[in-house]
Amino acid sequence: MLRPYTSIASLSVYKLLPSVCLALLACSSAAEKRFELLDPDQTRIGFVNELNPTPQLNIFNYLYYYDGGGVAAGDLNRDGLPDLYFTSNEGRNRLYINRGDFRFEDVTDRAFETQPDFWSTGVVLVDINGDSLLDIYVSNVGGYPPFAGHNQLFINQGSDRQGIPRFEERAAAYGLDLVGLSTQAVFFDCDLDGDLDLYMMNHSVHAFGTFTDTTLRRKHHPLAGDRLFRNTGGPFTEVTEAAGIYSSALGYGLGIGIADLNEDGHAVMYVGNDFHEDDSL
């Protein structure tokens with residue numbers, strides 16, 4: 001029987017001090033303070049990603065139990081201030097609108113319809129339909145008991161007079177209601193056709209079959225394997241195999257970066273993997 005234990009991860013907000021500009025120009029000592037820690041009572045951000053392990057769900061039967069939760073920042077109501085969206089594992093995802101002077105307002109209940117309690121891991125803000133409004137794509141864990149979630153795409157419908165944006169969930173319409181061991185999605189133009197495509201980085205769980213030779217990299221796994229989707233103007237089309245992307249049970253994806261490393265005008269993906277699998281470039 002597991003002992004009662006609670007793991008809590010909460011946000012710390014730091015404000016960049018005006019003196020940092022002068023300090024950088026003057027090359028002052030590294031001991032000088034650059035940021036000021038703001039109290040949650042000041043910022044009004046009360047988000048906490050609280051975990052309560054049970055005999056049915058814990059780090060022993062789900063390897064990435066403590067690796068969830070994410071945050072994305074962007075101007076969702078077009079008032080010139082960055083807003084914050086937090087993902088939670090056992091609780092509800094939260095949206096905080098920036099009201100200026102480092103004060104935020106939780107508008108989750110007014111911005112969204114009822115949301116299922118999925119186990120969320122990551123989030124990215126993207127203008128997926130080109131209407132100059134940022135939409136929200138949330139990575140959720142599914143297909144692995146007890147998780148029955150799928151990824152969600154919240155389309156921005158514009159804001160009301162109070163500056164509160166409204167969202168509709170449309171992942172299925174875009175072919176992006178993906179089910180798997182999702183970690184983080186990245187949108188970028190992989191084929192240089194002017195629209196945004198999707199790379200879905202997933203994680204895996206240790207099983208006897210994942211300790212084998214490297215030929216396993218070439219074998220597709222429906223839940224753990226990374227996936228690449230091309231934006232064709234309608235539902236996204238999967239091109240993982242055609243693009244040569246590894247999509248196996250060795251998809252221990254922890255982080256991903258996109259850059260034009262060889263300066264040929266094409267995006268290069270770097271995926272950081274956990275455990276015994278190499279990183280991928």
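Glu277 and Arg217 form a salt bridge, with their closest N and O atoms 2.9 Å apart. A salt bridge here is a side-chain nitrogen of Lys or Arg within 4 Å of a carboxyl oxygen of Asp or Glu. The model is predicted: local features need pLDDT of at least 70, side-chain atom pairs count only at pLDDT 80 or more, and totals for chains, interfaces and linings use all residues. Residues are numbered from 1 along each chain as its sequence is written, and side-chain values use heavy atoms, with hydrogens and water left out.

**Salt bridges**

- A search of the whole structure gives eleven salt bridges.
- Glu277 sits in the segment after S19, and Arg217 in the loop between strand S15 (197-202) and strand S16 (227-230), so their bridge ties together parts 60 residues apart in sequence. Strands (E, at least two residues) and helices (H or I, at least four) are DSSP runs, numbered from the N terminus.
- Glu277 is buried at 8% relative accessibility. Arg217 is buried too, at 17%. Buried means under 20% relative accessible area, exposed over 50%, and partly exposed in between (1.4 Å probe, protein chains only).
- Glu238 and Arg227 meet through their side chains in a salt bridge (2.7 Å, N to O). Glu238 lies in strand S17 (residues 237-238) and Arg227 in strand S16, so the pair joins parts that are eleven residues apart in sequence.
- Glu238 is partly exposed, at 34% relative accessible area. Arg227 is buried, at 17%.
- Glu105 and Arg99 also bridge through their side chains (2.8 Å, N to O). Glu105 is partly exposed at 25% relative accessibility, and Arg99 is partly exposed at 37%.
- A network of salt bridges links Arg99, Glu105 and Arg110.

**Aromatic pairs**

- The whole structure holds 14 aromatic pairs. Rings of Phe, Tyr and Trp (its six-membered ring) pair if their centres lie within 6.5 Å; planes under 30 degrees apart count as stacked, over 60 as edge-to-face and the rest as tilted.
- Tyr64 and Phe275 have ring centres 6.4 Å apart and planes at 85°, so this pair is edge-to-face.
- This pair links distant parts of the chain, 211 residues apart. Tyr64 is in the loop between strand S4 (48-51) and strand S5 (70-74), while Phe275 is in the segment after strand S19 (268-273).
- Tyr64 is buried, at 4% relative accessibility. Phe275 is partly exposed, with a relative accessible area of 41%.
- Phe86 and Tyr96 have ring centres 5.7 Å apart and planes at 85°, so they too are edge-to-face. Phe86 lies in strand S6 (residues 83-87) and Tyr96 in strand S7 (residues 94-98), so the pair ties together parts that are ten residues apart in sequence.
- Phe86 and Tyr96 are both buried.
- Tyr62, Tyr65, Tyr66, Trp119, Tyr144 and Phe147 are linked into a cluster by ring pairs.

**Surroundings of Asn77**

- Asn77 lies in the loop between S5 and S6. Asn77 is buried, with a relative accessible area of 10%.
- The Asn77 side chain reaches the backbone oxygen of Gly163 at 2.7 Å.
- Leaving aside neighbours within four places in sequence, Asn77 is in contact (heavy atoms within 4.5 Å) with Asp83, Ile97, Ser159, Gly163 and Pro165.

Methods
A polar contact is a pair of N or O atoms within 3.5 Å; within protein, one must be able to donate a hydrogen and the other to accept it, and residues adjacent in sequence count only if both atoms are side-chain atoms.
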